[in-house]
Amino acid sequence: MSHLAVADPEGAATMPAVRPDVVSLAKITKSFGPTLANAEIDLAVSSGDIIGLVGGNGAGKSTLMRILCGATSPTLGSISFAGQSVNFVDYDTAEAQRRGIRMVHQELSLCANLSVAENFFLETPGDAVNRPGWRALYRARARAALDAVFPANGIDVNAEVGHLSIAERQMVEIARAAATPGVKLIVLDEPTSSLDLDRSRQLRTFIRERARSGLAFIFISHKLQEIIDIATQVMVLRNGRAAWRGDAADTSIGRLVQLMGGDANSIHQHSAATQSSGETLVKLSGFLTAGLGHDIAIGRGEIIGLAGLEGSGQKELLHAIFEPDTARDAAVARSVDAGFIAGDRQKEGVFPLWSVLGNISIGSLARRPALGLVSERANRDTAADAAGRLRLDDKRFGSNILELSGGNQQKALVARALVADTPILLLDDPTRGVDIATKQDFYRLCNDIARGGRTLVWHTTEDAELLACDRVLVFSGGRIVKELSGEAITESAVVGASFAQQADAGVGSGHRASGVGLARRLVNAAPFIGLAAVLAVMISANPAVASIFGLDLLLMPALSLVLVTAAQMFIVGGSEIDLGVGAFAGLVSVLSATLLYDQPWLGALALAAAVAAYAGLGGLIQARKIPAIVVTLGASFIWMGLGYALQPTPGGASPEWLSAMFNWSLGFLPTSIILIAAVALVVFVIDRLPLGVVLRGFGNNPTAMIRSGWSPTRYALVRYLVAGLFAAAAGLSLTAINTASDINSGSSFTLLSVAAVVMGGCSLLGGVISPVGAIAGAVTLSLIGALLGTLNVSSDFNAATQGLVLIALLTLRSLTADRRSEQ
Amino acid sequence: MNGAAAFSLWAQKNRWVWSAIGVLVLWLVLSVVTNRFSLSSLSGIMLSASFLTVVGIGQMFVVTTGRGNIDLSVASVITLSAFVALLTIKGQDANLAIGVGAAILLGLAVGALNSLLVVGLNIPAIIATLATGYVLATATLLSNRAISGFAVSPLLKTLATGRVSGVPIMAVIAIAGVAVTAFVLRYTVFGQLLSAVGQNRTAARLAAIRNNRVIASAFIISSVLASLNGLLLGAYIGGAFLEMGQPYLLQSIAAVVLGGTLIFGGSASAVGTLFASILLILIVTTMQIVGLPPGAQDIVQGIVVIFVLALAGRQVLSRRAAVNGAGDADAVKPETGGIAIRPE
């Protein structure tokens with residue numbers, strides 16, 4: 001990826017009479033199996049265009065944009081830049097970026113663990129240099145870019161992105177794309193979804209300004225008034241086709257809503273014969289219905305639709321009904337069993353290893369006693385009944401679920417809910433990406449089910465489907481803002497209610513409980529408190545410990561663990577764990593005390609080969625996507641085996657120069673403390689350099705890194721190389737300190753290093769490097785043995801103490817952690 | 001479709017067959033190359049493999065729960081259990097019931113602790129079981145000091161070392177265990193729930209499966225089996241020593257992976273674990289026969305694990321690609337053959 005700032009778009013902006021063509025897509029068709037995502041769509045973007053792209057969910061917007069940005073190749077069609085045609089075979093995300101196309105994704109692609117300025121660096125790394133102060137350039141760039149788009153934004157460019165509100169993150173992402181040198185077209189996917197009115201207005205002003213100077217924009221939004229306001233042209237997609245394209249001036253919100261409208265095919269109107277029998281199955285109250293002024297009771301035989309803009313709380317309600325909060329004052333209460341039909345089939349629905357039959361029968365199995373017997377025949381009979389109602393051919397029962405089309409997979413999921421036979425069915429947008437015939441089968445079934453006395457709660461993103469419901473609850477900003485029933489349910493009423501309340505749905509983020517924050521700070525300070533406490537106890541028991549000699553005696557053995565911890569920290573930073581790092585240090589120790597001592601050249605070569613093998617392991621783990629834990633555990637046997645083969649019994653000798661490296665004294669400071677501080681400093685420096693930033697970025701959000709053009713395999717290699725060097729240093733220190741080697745000498749370090757890293761505050765999910773904390777943790781852990789000795793506790797308790805410290809810390813972390821990352 | 005293609009299709013669903021073939025080939029090669037190999041040496045290998053199989057089956061349950069779950073505490077449980085057996089049984093058959101009870105209790109306790117950490121506190125399984133292992137290591141050291149002598153109950157000794165018409169009793173126990181496990185996995189509700197949880201945890205939850213219970217039982221099964229194995233292994237070697245469980249850590253994982261159980265969870269093969277255990281022991285034996293030093297044996301085992309994983313990784317990759325492709329299709333609405341604009 002190159003970021004040559006050849007032509008500053010501002011400078012080139014002389015607004016010629018005929019605006020130059022930036023990119024044009026012609027007759028784009030994309031099919032996924034039997035379904036057409038895009039059908040013969042033409043889209044030409046000229047410099048200075050602001051194209052509003054609208055359409056319902058699944059209309060084909062995202063597919064079209066993925067094709068434009070090189071993330072997907074179309075089945076048919078062509079792309080050309082300024083009249084020059086480009087073959088799709090050669091067109092990928094990197095090429096799109098080279099040609100000046102940038103996309104701001106809806107699910108933000110920033111690394112939350114990096115600062116705002118560092119995220120700017122990830123996008124344009126070419127200007128970074130490996131020396132202190134390299135961030136200054138990106139700080140200035142970030143500042144300027146943010147202020148250009150959002151004046152008076154008050155965002156600190158040194159702040160970690162994770163500490164910013166969602167709105168602020170969105171602002172950073174937009175500013176980052178806009179500031180890229182050489183950019184010609186920016187695609188904004190729902191850019192204002194979490195911006196308040198003022199920021200949204202600032203963004204639109206900025207877009208207008210830059211468009212005047214020749215930059216082109218594609219603006220995707222569900223907020224139609226914004227589209228009307230900002231766009232020069234509007235393109236409406238519907239069912240994969242361009243339903244309309246024209247000047248924004250020629251259209252209106254009403255017209256756009258109509259163009260996007262639901263399926264023309266009629267949806268069976270639910271015959272309101274079996275109305276609620278008075279019995280309440282689900283009760284909604286509290287904050288959910290605060291805007292309505294009355295509680296909502298859902299009875300038997302009803303079809304309840306959940307509507308509103310996507311992400312306004314409909315899904316949350318479904319999940320809350322499925323697993324109601326047990327608190328007495330919970331907003332959702334349910335009196336009978338509920339079954340769930342997921343619409344996101346891949347993530348929440350299918351069991352990919354199983355046949356269709358297995359996927360259906362699990363619905364009834366889940367509700368049976370665990371030791372009950374499973375009979376294929378009984379399963380088949382039950383499933384065949386459900387499948388028959390859905391017109392799912394039972395000849396396909398034996399096929400793997402993934403071999404079925406989306407529509408038939410969905411039928412299998414519905415069948416799963418049918419065999420579970422629950423009085424309530426929760427539907428999470430089940431007709432998404434499903435062909436029309438399946439939809440018709442599905443609508444018919446819904447009517448049957450409801451007539452049979454069961455209750456359906458149906459979240460749909462297709463407004464036309466709401467016509468089949470008895471009642472519709474319209475959501476906005478996480479609450480129910482309108483209840484429609486019977487004849488009052490019309491598409492325009494639903495759309496009206498969901499848009500009308502948009503202004504109220506402000507930015508709801510950035511609330512943090514301060515009590516939890518304090519607890520978390522305490523946990524983070526644990527290694528330092530622990531170290532201080534351990535040292536205090538030991539010094540009070542034996543004042544000689546506080547002497548330079550005493551400290552050296554105590555801390556020198558900790559140095560090796562400190563080095564191994566540094567190695568482990570880089571691996572954990574990539575959200576992996578190395579179970580072979582201690583053995584590797586042991587092997588290096590053996591190599592240095594034998595080969596390196598006897599034949600320095602051969603020894604040096606062997607050491608280099610060992611480190612290279614270690615780095616290669618990292619590349620293998622990434623390239624083959626295999627679990628690092630098992631691979632490194634396997635590798636630990638290789639390291640140990642090599643060590644044994646070289647040196648069956650402890651022995652060898654330390655090369656003189658090596659001993660000398662660890663055997664000097666400044667007199668006024670213990671050598672061990674200087675060395676440990678030096679390790680911390682080296683880790684700190686690596687982490688602060690551009691390389692460290694990239695490594696942390698990968699630990700936090702690999703998808704975003706790949707989107708910005710970074711190679712995951714190369715950086716896995718680099719990560720393991722850095723770790724390997726630290727582990728090798730640990731091995732050398734072992735030899736120097738023990739003046740001999742033993743292949744087992746490093747083994748205990750593996751687990752201790754993980755503990756130290758966790759103590760130091762590094763998340764096992766990756767992305768955090770905290771040299772000082774982890775090293776304090778390592779020193780504390782290695783002192784535990786000495787501490788127990790001082791307290792006259794048998795050294796047998798060493799391991800248990802270490803284990804309990806680890807468990808206690810992880811428990812505390814788990815209890816004080818954000819609940820965001822769950823599930 | 002010719003025979004080879006049919007076999008490869010069948011083998012895709014029955015991944016245990018590869019380890020079985022491995023056993024057969026290695027066995028034939030050994031028989032031909034060395035004259036020392038006989039049926040009785042096979043029964044010796046079966047005996048060693050039986051101990052590995054018992055731990056491997058437990059490990060398999062944990063691996064099948066998915067998300068990279070592995071029980072790293074099995075090694076410590078084996079060692080501690082062997083010491084506990086010495087302490088409780090004291091070489092008397094009369095105390096055998098107490099000893100077995102203690103072993104089961106130990107397994108239950110460790111399994112419950114692991115489950116609490118993994119399921120209750122959301123600590124990654126590797127770290128949680130690692131930490132448990134630490135605590136157990138100290139318990140082992142303490143019991144090591146407490147034991148008075150290495151006496152083994154004769155009955156237990158018979159179980160662990162005895163043969164009935166040339167077949168080791170231990171092998172019968174292991175094979176029976178494998179049969180029961182295979183039945184549980186295939187024909188009981190629990191087996192199906194376990195597979196579901198391992199394949200797709202969210203989907204399992206939404207299908208009303210109580211994921212936590214399933215995962216917790218896997219950890220408990222693993223610890224109980226490791227504990228019982230420690231009891232028998234102690235009887236086999238006629239005592240107990242520190243670190244005696246250590247080799248079973250990697251070998252149990254290797255047996256699981258080699259046997260065709262998916263490391264990413266969701267699919268287990270008890271028979272595969274049995275054959276893979278035999279294969280691993282055969283490999284070690286071969287290396288001993290060839291005269292490789294102990295270090296080289298470790299190296300070969302490590303390479304086998306990494307190699308098999310690297311190969312298996314590709315299968316999962318292609319499957320994942322298929323899932324993603326289908327996912328793309330889902331993101332879009334289908335063709336309905338025209339744009340219908342409704343009149344105002």
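Modeller: Happy to! Let us begin with a term: a salt bridge here is a side-chain nitrogen of Lys or Arg within 4 Å of a carboxyl oxygen of Asp or Glu. By this rule, 24 salt bridges are counted over all chains. Please keep in mind that this is a predicted model.

Now to the meeting of the chains. On one side, 98 residues of chain A take part, and they are in contact with 85 residues of chain B. The size of an interface is often given as the accessible area lost when the parts come together. For chain A and chain B that buried area is about 8100 Å², with 68% of it on carbon and sulfur atoms. Of the area that chain A buries against chain B, A:L353, A:F637 and A:D796 supply 9%, more than any other three residues.

What about charges and polar groups? Two salt bridges are counted between chain A and chain B. In a salt bridge between the chains, A:E323 pairs with B:R205, and their closest N and O atoms are 2.6 Å apart. There are also 15 residue pairs in polar contact between chain A and chain B, with both residues at pLDDT 80 or more. Helix α30 of chain A, residues 797-816, gives the largest share of the side of chain A that touches chain B, namely 13 residues. Sorted by type, the residues on that side of chain A are 55 nonpolar, 22 polar and 21 charged.

Helix α30 of chain A also has a partner within its own chain. Helix α28 of chain A, residues 747-759, packs with α30(A) at an angle of about 35°, and the two axes are 10 Å apart. The crossing of α28(A) past α30(A) is left-handed. From α28(A), the contact is made by A:L752, A:A755, A:V758 and A:M759, while α30(A) brings A:Q802, A:V805, A:L806, A:L809, A:L810 and A:R813. By type, the residues of this contact are eight nonpolar, one polar and one charged.

Elsewhere in chain A, a salt bridge joins the side chains of A:E95 and A:R98, at 2.9 Å from N to O. These two residues are separated by about one helical turn because they sit three residues apart in helix α2 of chain A, residues 93-98.

Finally, a stop in chain B. B:W18 lies in helix α2 of chain B, residues 16-33. Leaving aside residues up to four places away in sequence, B:W18 touches B:F7 and B:A11. B:I147 is 129 residues from B:W18 in sequence, and their C-alpha atoms are 44 Å apart in space.

Terms used:
Residues numbered from 1 in each chain as written. Chains lettered and ligands numbered in written order. Predicted model: local features only at pLDDT ≥ 70, side-chain atom pairs only at ≥ 80, totals over all residues. Heavy atoms only, no water. Contact = heavy atoms within 4.5 Å. Buried area = accessible area lost by both parts, 1.4 Å probe. Polar contact = N/O pair within 3.5 Å; in protein donor to acceptor, adjacent residues only side chain to side chain. Helix = DSSP H or I, 4+ residues; strand = E, 2+ residues; numbered from the N terminus. Nonpolar A, V, L, I, M, F, W, Y, C, P; charged D, E, K, R; others polar. Axes fitted to C-alpha atoms, helices over the stretch in contact; angles between N-to-C directions. Left-handed = near helix turned anticlockwise from the far one by under 90°.
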